[in-house]
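Work through the following exercises with the sequence and the model open side by side.

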Amino acid sequence: MLQRLRENKPAQGTLLAAPTLLWMIGLLIIPLLLTSVISFGRRSPDGDVIFTFTLDNYTRLLGYSTDCDTGQASCFNPLYMQILWRSLTLAFNTTVLVIALAYPLAYFIARAHPKRRNTFLFLVLIPLWTNFVIRVYAWMMLLRTQGVINLVLGWLAGLINVPFAPLEMLYTPGAVLVGMVYEFLPFMILPIYTSLEKIDNSLYEAAADLGASAIKTFWRVTLPLSMPGVVAGTILVFIPVMGTFIVSDILGGRQVILVGNLIQRQFLDARDPTFGSAASLILMIMTLIVTYFYTRKFGFGEEIVAA
Amino acid sequence: MADFAVELRDVVKQFLTPEGNLLNAVDHVTMQIKNGEFFSMLGSSGCGKTTSLRMIAGFEWPTEGEVYIEGKAMGHTPPFQRKVNTVFQSYALFQHLTVFQNVAFGLEMEGAPKDEIEKRVKHALEMVQLTGMERRKPKQLSGGQQQRVAVARALVKVPDVLLLDEPLGALDLKLRKEMQLELKELQQQLGITFVYVTHDQEEAMTMSDRIAVMSKGKVQQMGTPVEIYERPANRFVADFIGESNFLDGKIKSLSKDEAVVIVPELNAELTGLPVSAGLVSGQDVTVSIRPEKIRIADKRLDQNSFTGEVKNTVYIGTDTHVFVDVGTKRIKVFEQNRISRLDPGSYYTIGQQVMLVMLPENVLILKKE
């Protein structure tokens, strides 16, 4: 038996992949199938799922309520579409801001003395040692009306005798954006750093030798060669931001509702798993579409270099 | 046109070692490279040859002294404002660009018009025999082809001076020899000054008009391949280029054109030796003689002939290396295998008594170090 396995390479591969495969089937594929089945069901008055086939949950997402006569203008409520759109733009803005902040830092670390690089990377990773939720709460302490930022600003205003009204920062879209950027920054820094670090110094020298200024070298050599890192980072940031609900929950309150919050409330508060499932699937499809077009344009990580 | 394509005047480059000491990687180097010359800097790693090249390219700036290109002092002029281009040791090709785009890169930076770029890139690729490879990526080329792209990319700019930093180091021996001849031909066709860095003495000899032999940041000798091999300036050069037998000696007598040196190791005197400047009678010297310039003779000549015993022989195809003990010294002799023979008896055998003849003009008197 063991002898035969030793000679059978494909069987070895299957055996090695089996634990992960079982895990993925049990905890990803099957739940996903269940979710799609439930999304076509109907909610019973006491919150159970009635298995049937109806598109009601999807038309509701599009803004047409089933409670009133279709065709009536007042029945159309784009609330859910607005939530989806808000999530999409927030994820987009977060990703752009994170790239803008992460790229210079990653570049700085990659070009630092090799001895210091590990220290800098260590500093980038330190926040990840603290729980995600606690880090978001920390922003609450900073941003709220009686928070650290307002206290400092008030104290500074007092010094120069200027009247000061505390800024309303918490529970705004800006607060959610700041929180998201902060949470996901390391996931952009690391892949960009990795691809920048791989660029041999002689390439910069070759560019300079051939007449390229520093700025031209960046656009023509550095940026294209580090695109795999930017692409990987974008995937690592964009997808989770689309679905996260904790940041908007804590820093956005009831003001900033994202698709993540919508789904969470359908399952826990409204007790409507059918509508929650439909929203989950739409979120997943939206994310897939965006990622598909993005990677088709910029490639998947290594492909750019290998092609 | 200036007198020299490149000139280094008393150039020093200091680096901080990891231990925190200052090291003169290049230590008061002066060299003049003529227009249209194939000039090599030869030395083992850490001798300062690459640092010197990088100072010409503009990647490093001298701590002291000055680099001149076409008669102009370079100061802190950045690389992209120097009319020199570099072929890097690792080729440094842009992996995300095609062969065409790699070669066109430098012309685009100049802002050359599109049709001119097209024409010049095509010509450059023809020069290095890469026509038809325009649309490939560097990864899809062999090592030798990548090397050609690197050469084309630098030459398309029509530099005054082409700098080459061990460009053939990564190629296998056969390809390397082909490329050596090709590069030399290219240089002769174009008439561009080539400055070539290598640690391979055979490569330097094959290609160069002149060679600077470097060690410990200093130029040990500068000259044509023949000068460097036949008249090494010191023991380091004689040892680094080719092989040599070194004997300790003392000048016994000195006339205008002949010297006599006592060599205790051979228990004999070498007479009629050529005299070089700066020698005085009674001085301790090192005598150098190349293994292929010693003859194994049948009978004693009246001058500089010594009997010895064969201790070992090594057959290497073109030559047989014969190791002969004379006095207390083991002398290495290379005998060319001019006649094809199979019979082992026709070669020297261990224990055999032989006569070594060192003609006076083959013996060099060097300063003792």
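Axes are lines fitted to C-alpha atoms, for helices over the stretch in contact, and angles run from 0 to 180 degrees between N-to-C directions. Helices (H or I, at least four residues) and strands (E, at least two) are DSSP runs, numbered from the N terminus. This is a predicted model, in which local features need pLDDT of at least 70 and side-chain atom pairs count only at pLDDT 80 or more, while totals for chains, interfaces and linings use all residues. Residues are numbered from 1 along each chain as its sequence is written, and chains are lettered from A and ligands numbered from 1 in the order in which they are written.

**Exercise 1.** Describe how helix 2 of chain A and helix 13 of chain A cross, and list the residues of their contact.

*Solution.* Begin with the geometry: the axes of helix 2 (residues 9-39) of chain A and helix 13 of chain A come within 7 Å and cross at roughly 120°. Angles under 35 degrees count as roughly parallel, over 145 as roughly antiparallel, 65 to 115 as roughly perpendicular and the rest as oblique, and these two helices of chain A are therefore oblique to each other. Next comes the hand, for which a crossing is left-handed if the near helix is turned anticlockwise from the far one by less than a right angle, and right-handed if clockwise; the crossing of helix 2 and helix 13 of chain A is left-handed. Helix 2 of chain A brings T35(A), S36(A), I38(A) and S39(A) to the contact, and helix 13 of chain A brings P273(A), T274(A), S277(A), A278(A), S280(A) and L281(A), where two residues are in contact if their C-beta atoms, placed from the backbone, lie within 7 Å. To classify the residues, count Ala, Val, Leu, Ile, Met, Phe, Trp, Tyr, Cys and Pro as nonpolar, Asp, Glu, Lys and Arg as charged, and the others, Gly among them, as polar. The contact of helix 2 with helix 13 of chain A then divides into 4 nonpolar, 6 polar and no charged residues.

**Exercise 2.** Determine how helix 10 of chain A is oriented towards helix 13 of chain A, and then towards helix 9 of chain A.

*Solution.* For the pair with helix 13 (residues 273-298) of chain A, the axes come within 11 Å and cross at roughly 170°, which makes helix 10 of chain A roughly antiparallel to helix 13 of chain A. Among the residues that make this contact are M227(A), V231(A) and I235(A) of helix 10 and L283(A), Y294(A) and F298(A) of helix 13, and the contact as a whole divides into 8 nonpolar, 5 polar and no charged residues.

Turning to the other partner, helix 9 (residues 201-209) and helix 10 (residues 214-243) of chain A pack at an angle of about 135°, with their axes 10 Å apart, which makes helix 9 of chain A oblique to helix 10 of chain A. Helix 9 of chain A passes helix 10 of chain A in a right-handed crossing. Here L203(A), Y204(A), A207(A) and A208(A) of helix 9 meet T217(A), R220(A) and V221(A) of helix 10, a contact of 5 nonpolar, 1 polar and 1 charged residues.

**Exercise 3.** Decide which part of chain B gives the most to the side that touches chain A.

*Solution.* Chain B has 8 helices and 20 strands, and 20 residues of chain B are in contact with 19 residues of chain A. Strand 6 (84-87) and helix 2 (99-110) of chain B each supply at least two residues of this side, and helix 2 of chain B gives the most, with 4 residues. The residues on the side of chain B that touches chain A divide into 10 nonpolar, 6 polar and 4 charged.
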